[in-house]
2 protein chains.
Amino acid sequence: MIERDFIPADKACFEKLEAKFSAVFEPKTIDEICRHGHLKTYVADKILVDIGSSIKYMPVVLSGSIKVMTEDGNGNELLLYYLESGETCAVTLNCCTVEKKSTVRALTETESEILLVPVEKIEEWMIKYQSWRRYILGSYNQRLNEMVSAIDNIVFHSLEKRLIRYLREKVALKKNSVLVISHQDIADDLYTTRVSISRLMRKLEANKLIEQQRNRIAVLEEEKHEA
Amino acid sequence: MIERDFIPADKACFEKLEAKFSAVFEPKTIDEICRHGHLKTYVADKILVDIGSSIKYMPVVLSGSIKVMTEDGNGNELLLYYLESGETCAVTLNCCTVEKKSTVRALTETESEILLVPVEKIEEWMIKYQSWRRYILGSYNQRLNEMVSAIDNIVFHSLEKRLIRYLREKVALKKNSVLVISHQDIADDLYTTRVSISRLMRKLEANKLIEQQRNRIAVLEEEKHEA
DNA sequence: TTCATTGTGTATCGTATGTTACACACTTAC
DNA sequence: GTAAGTGTGTAACATACGATACACAATGAA
């Protein structure tokens, strides 16, 4: 147990955060985060913020996962990224300074426990805590890197490779080798059509990389099949 | 002239920055930036930082433009973005905290005047100046948005549309409707092949959207040709 | 039960783009 | 001058993917 010169305001919350962030934040910072944040649990497929809605909180994911997406001028949906345990939404951060309206939609992928941090605290803590500063900048960097690798993926890899990677990442994310998802949903995430996905899924199935039933895909162990 | 309770350490630098950033930074901040930054002018096509090199300065572009790129695991080049006047390199920012080695290559596109800010000042000023904090977070946001629109562009638009947009953006960037560039360079930036670009350039030329000679492309006025 | 909704398999076809190959003009170095 | 390097045009071909259409199974509501 860590020595402290204070009593945590909310013991349950403190311990939950400490378990996740002890390497990132000092106890004092964690305590402050607990004191101002709201801990909530959401069911799967719940829209947390939508495009155009005003943003009052920055979400920090404690468990589960969040899908963050946006729309372009033509109404096309663009998958930005998934937030996993310990992560926060970089795009939301801008709202603490400039924009007040969300440009993104965020929804839970699975049941998720989220800590809601009031936006006005974001900047305050950036002045006060080095650890918080680095957490925020680190988030931005992570997202930038993810975007770069998304572009890399799209332009240098075939749809088939992207599909396999997508399925495996999803399995890792959900910690379950059986995915409950439709071909159409996959197609949307990969910016392609249902027919193309069905065609490739058939092929993956023939190659024993997956097994599938309606709305249900079992991703089989990856042996060294790749080049 | 703005009232001040101090004498700028470097009058020439101060006035140059004030002309560009008077709406962004207070005079006091500008003065401090001048005092610690180094003003340099580089010729075109000069590599400022390369992948793997250690980063000591964050560049702020005063004039000209910088191309920022990276490489993926397979040695493929990925164009990240262009820095224009007033902008800074978000990716470099991470180096002030975590990484010390650059993951990107930055090179001048045209002759450019750059202010080099020592990395250790980045964090210091984030604590001291709200304007600096917002400038930094704003940079990140701008880059994230650009990445998103790059993805959008790639997945929802034909190569032909991307090519036209690329040429027009380049013209706006360089403030010159005649571009000195080879088909191969364009192909690299758009992640395609020289042959495809040549093919499309022929078509654009037939449609009177451009005129070209070896290494030289004149982008003609855009009238309402688009859908 | 019946019906509507949703998810999937499959065929047919068009086309944009990548691949490879070669000719040839321009530029620069020698 | 010649030669090497670089930039461009063009043809022939392969192919991945998108578009469209239709059949049919599974699901769930009435």
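Trainee: Which residue forms a salt bridge with A:D189, and how far apart are the closest N and O atoms?

Mentor: The partner of A:D189 is A:K67, and their closest N and O atoms lie 2.8 Å apart. Please keep in mind that this is a predicted model.

Trainee: How is chain A divided into domains?

Mentor: Chain A has domain 1, covering residues 11-154, and domain 2, covering residues 158-219. Taken over C-alpha atoms, the centres of these two domains of chain A are separated by 27 Å.

Trainee: And how many salt bridges are found across the interface of the two domains?

Mentor: The rule finds three salt bridges between domain 1 and domain 2 of chain A.

Trainee: Which elements give two or more residues to the side of domain 1 that touches domain 2?

Mentor: They are β5 (77-83) and α5 (130-156) of chain A. The largest share comes from β5(A), with four residues.

Trainee: What kinds of residues are on that side of domain 1?

Mentor: Four are nonpolar, three are polar and four are charged.

Trainee: Changing topic, how much area do the two domains bury between them?

Mentor: Domain 1 and domain 2 of chain A bury about 950 Å², and 50% of that is on carbon and sulfur atoms. On the side of domain 1, A:L79, A:N153 and A:I154 supply 43% of the area buried against domain 2, more than any other three residues.

Trainee: How many residues are in contact there?

Mentor: Eleven residues of domain 1 of chain A are in contact with eight residues of domain 2 of chain A.

How values were computed:
Residues are numbered from 1 along each chain as its sequence is written. Chains are lettered from A and ligands numbered from 1 in the order in which they are written. This is a predicted model: local features need pLDDT of at least 70, side-chain atom pairs count only at pLDDT 80 or more; totals for chains, interfaces and linings use all residues. Side-chain values use heavy atoms; hydrogens and water are left out. Domain bounds come from an automatic or database domain assignment. Contact means heavy atoms within 4.5 Å. Buried area is the accessible area (1.4 Å probe) that two parts lose on being put together, summed over both. A salt bridge is a side-chain nitrogen of Lys or Arg within 4 Å of a carboxyl oxygen of Asp or Glu. Ala, Val, Leu, Ile, Met, Phe, Trp, Tyr, Cys and Pro count as nonpolar, Asp, Glu, Lys and Arg as charged, and the others, Gly among them, as polar.
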